[in-house]
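I opened the model to go through a few sites one by one. These are my notes, in the order in which I looked.

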Amino acid sequence: MNELCWNCGTAAPSRFCANCKALQPPAHDFFAFFDMPLVLAIDVKDLEKRFYALSRQLHPDLFSRKPAREQEYALEASAVLNDAYRTLKDPVARALYVLKQEGFDIAEQGTKDVPPELLEEVFDLNMAIEELHDGDEDARSQLASARLRFERMRDEIDSAMQTSFAAWDVAHDRVKLDEIRSQLNRRKYITNLIARTDEANVSN
Ligand SMILES: [Zn+2]
């Protein structure tokens, strides 16, 4: 936010200037945009309410008779609104956003390095895919049960992440963010395995 209203010069305007009511340039930080504190364990219902309220306030039709500069801010704000909502409502996207804001490198991790505890699962999965490819229909049930196991692992990570989120919110401790980054990597690896079981079923 600017320190002075672009239109009338009043100090410290919020989203709309208290004096002249002009829309101000939007905050680009997603949490600031929604007037929310920086927390990972957000209340998604509350976020949704804020989203719909702001969608109404920022609707481009409301600005059609306003100065060009204000119309631009309205468009810019609508774009930030949609990005921010899409990102913050999804726990994985939200965590990646916070990691990036906090200076963590969130570049895609290679999926060639199998997490050691998954070596056996991945070996069995590769075998089943190969067998299915060779026409062994029994492999389908193996793939189906592997998929269920992967889904369960993903659900376990999701609940462990919720715990880490709540822990980070208390003290904003970087060690917790490191833990969350590992959870995200493991989750990504497992969702890739789920996708592989689906592809094998479709392509064979
Ligand atoms: Zn003003």
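The entries below cover a metal site, a glutamine, several charged pairs and one backbone distance.

Entry 1, the model. I note at the start that this is a predicted model.

I looked up which protein atoms hold the zinc ion. The donors are the SG atoms of Cys 5, Cys 8, Cys 17 and Cys 20, lying 2.3 Å from the zinc ion. I then checked the geometry: the angles among the four donor atoms run from 104 to 113°, and the site is tetrahedral. For comparison I wrote down that the ideal angle for four tetrahedral donors is 109.5 degrees. Along the sequence the donor residues follow the spacing C-x2-C-x8-C-x2-C. Cys 5 and Cys 17 are twelve residues apart, and each of them sits in the segment before α1. I also looked up burial for these two. Cys 5 has a relative accessible area of 4% and is buried; Cys 17 is buried too, at 1%.

I found Gln 24 in the segment before α1. Is Gln 24 buried or exposed? Its relative accessibility is 2%, so I put it down as buried, the limit being under 20%. The side chain of Gln 24 reaches the backbone oxygen of Ala 22 at 3.0 Å. Setting aside neighbours within four places in sequence, I listed the contacts of Gln 24; among them are the zinc donors Cys 5 and Cys 17. Arg 15 and Tyr 73 are also in contact with Gln 24, and I went on to Arg 15 next.

Arg 15 belongs to the segment before α1 (30-33), whereas Asp 35 is in the loop between α1 and α2 (44-57); the pair is 20 residues apart and links distant parts of the chain. Arg 15 is buried at 13% relative accessibility, while Asp 35 is exposed at 54%.

I recorded a salt bridge here, with the closest N and O atoms 2.3 Å apart. Arg 186 is partly exposed, at 26% relative accessibility.

How many salt bridges does the structure hold? The count is 13. One more that I looked up joins Asp 155 and Arg 154, at 3.8 Å from N to O. Both partners come out as partly exposed: Asp 155 has a relative accessible area of 43%, and Arg 154 has 23%. I also noted a network of salt bridges that links Arg 147, Glu 151 and Asp 198.

I located Asp 90 in the loop between α3 (68-89) and α4. Asp 90 is partly exposed, with a relative accessibility of 33%. I then took the C-alpha distance from Asp 90 to Val 44: the two atoms are separated by 8.8 Å, and the residues are 46 apart along the chain.

Technical notes:
Residues are numbered from 1 along each chain as its sequence is written. This is a predicted model: local features need pLDDT of at least 70, side-chain atom pairs count only at pLDDT 80 or more; totals for chains, interfaces and linings use all residues. Side-chain values use heavy atoms; hydrogens and water are left out. A salt bridge is a side-chain nitrogen of Lys or Arg within 4 Å of a carboxyl oxygen of Asp or Glu. Helices (H or I, at least four residues) and strands (E, at least two) are DSSP runs, numbered from the N terminus. Buried means under 20% relative accessible area, exposed over 50%, partly exposed in between (1.4 Å probe, protein chains only). Donors are N, O and S atoms within 2.8 Å of the metal (3.2 Å for Na, K and Ca); water is not among the atoms, so sites may look incomplete. Four donors count as tetrahedral if all angles lie between 85 and 135 degrees; four count as square planar and six as octahedral if opposite donors are over 155 degrees apart and all others between 65 and 115; anything else is irregular. A polar contact is a pair of N or O atoms within 3.5 Å; within protein, one must be able to donate a hydrogen and the other to accept it, and residues adjacent in sequence count only if both atoms are side-chain atoms. Contact means heavy atoms within 4.5 Å.
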